[in-house]
Amino acid sequence: MQYSKILAAALCVAAQGSALSADSSWDGFYMGLTLDAARTNATIAGTAGHSRKSQAAGLGAYAGFNRSTNSGLVWGGEIGLSSAENTPNLSTGALGTTEFNGKFVINPRLRAGFATGNLFLYGTAGVAISDAVVRSAGATTKDYTMGVSYGIGAEMKIGNGWSTRLDLTRTDLGQKNQSFNGLTRDTNVKMDKITIGLTKSF
C-alpha cells in the first residue's frame, strides 16, 4: 500500500476545496464514507514465528454530531465502522497452528479541536471493539477484544454541506490471554490507519 500517494491525494482534494465553500458552521449531525489503508501488527508473546505484519485497504462508514463555540472550539462524538483483515493468516510452530483473522472494527470516539473558516484540525480518542484477534487455527468460538484508539485529523469543507477529511489513527486492541497447544500466551493486535473520508452534514 502506497501510503504517501493516499496522503498526497487527500491533501490535493482538501486544498482545492478551500475556495469552494463559504459555510464556516461546524454544528450539527453528519455521516460519511471512508477509504482506509491499515498496517496491522499481530503478535503472540514469547515467539516471533507467530507474529504477523500486514497491510490492507478497506471501506468504512461513520456518523456523529458536532458542537462549536464562538472561539473556534469544535467538539463532538462519533461512531465508526471499518473492515479488518478477513483472510486467515496461518502460522505453524511450537504453539501449534495459529491464525490471525478479523472482519470489523467498531470505533466510538470523541473529536475535539479548532476550526478556522473551512478548515477543522482535531484530535481523537475513544475505544475500539473488534473480532480481529490471534487464535488457534480452526477454533469455532467467536473471540472479541476491546482496546483504545487515538489520533489526529483534518477536515475541509468543499461546499453544499460536503467536506473531506484525513485521519491518522492508532488502534491498540490490548492483551488477551489465550492457550495455544497447551501453552498460555498473551496476544496483542495494533493497527495504524490512514483514512480518507467524504462527509455530508445535515
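Rings of Phe, Tyr and Trp, the last taken by its six-membered ring, are said to pair if their centres lie within 6.5 Å, and by this rule the count in this structure comes to five aromatic pairs. The structure is a predicted model, and its protein chain holds one helix and 11 strands. Read along the sequence, the chain follows the pattern α-β-β-β-β-β-β-β-β-β-β-β.

**Aromatic rings**

- Elsewhere, ring pairs link Trp26, Phe120 and Tyr122 into a cluster.

**Charges over rings**

- Lys157 lies over the face of Trp26, at 4.1 Å from the ring centre.
- Arg165 is placed over the face of Tyr62, at 4.1 Å from the ring centre.

**Nonpolar cores**

- The largest nonpolar core has 11 residues, among them Ala42, Ile44, Phe100, Leu173, Val189 and Met191, and strand S1 (28-44) and strand S11 (183-201) each supply at least two residues of this core.
- A second, separate core is made of five residues, including Val74, Ala115, Phe120 and Tyr122.
- If residues up to four places away in sequence are not counted, Val189 touches Thr40, Asn41, Ala42, Phe100, Ala132, Val133, Thr171, Asp172, Leu173 and Gly174.

**A residue with positive phi**

- Asn160 has a positive phi of about 55°, although it is not a glycine, and its place is in the loop between S9 and strand S10 (162-180).
- With a relative accessibility of 73%, Asn160 counts as exposed, because exposed means over 50%.

**The chain as a whole**

- Of the 202 residues of the protein chain, 44% count as buried.
- Among the contacts in the protein chain with a separation of 6 or more, 64% are accounted for by residues 24 or more positions apart.
- The accessible surface of the protein chain comes to about 10200 Å², and 61% of this surface belongs to carbon and sulfur atoms.

Notes: Residues numbered from 1 in each chain as written. Predicted model: local features only at pLDDT ≥ 70, side-chain atom pairs only at ≥ 80, totals over all residues. Heavy atoms only, no water. Core = buried A, V, L, I, M, F, W, Y, C linked by side-chain atoms within 4.5 Å. Buried < 20%, exposed > 50% of the residue type's maximum accessible area, 1.4 Å probe, protein only. Helix = DSSP H or I, 4+ residues; strand = E, 2+ residues; numbered from the N terminus. Contact = heavy atoms within 4.5 Å. Phe/Tyr/Trp six-rings, centres within 6.5 Å; stacked < 30°, edge-to-face > 60°. Lys NZ or Arg CZ within 6 Å of the ring centre and 35° of its normal. Areas by Shrake-Rupley, 256 points an atom, 1.4 Å probe, with all protein chains shown as cover.
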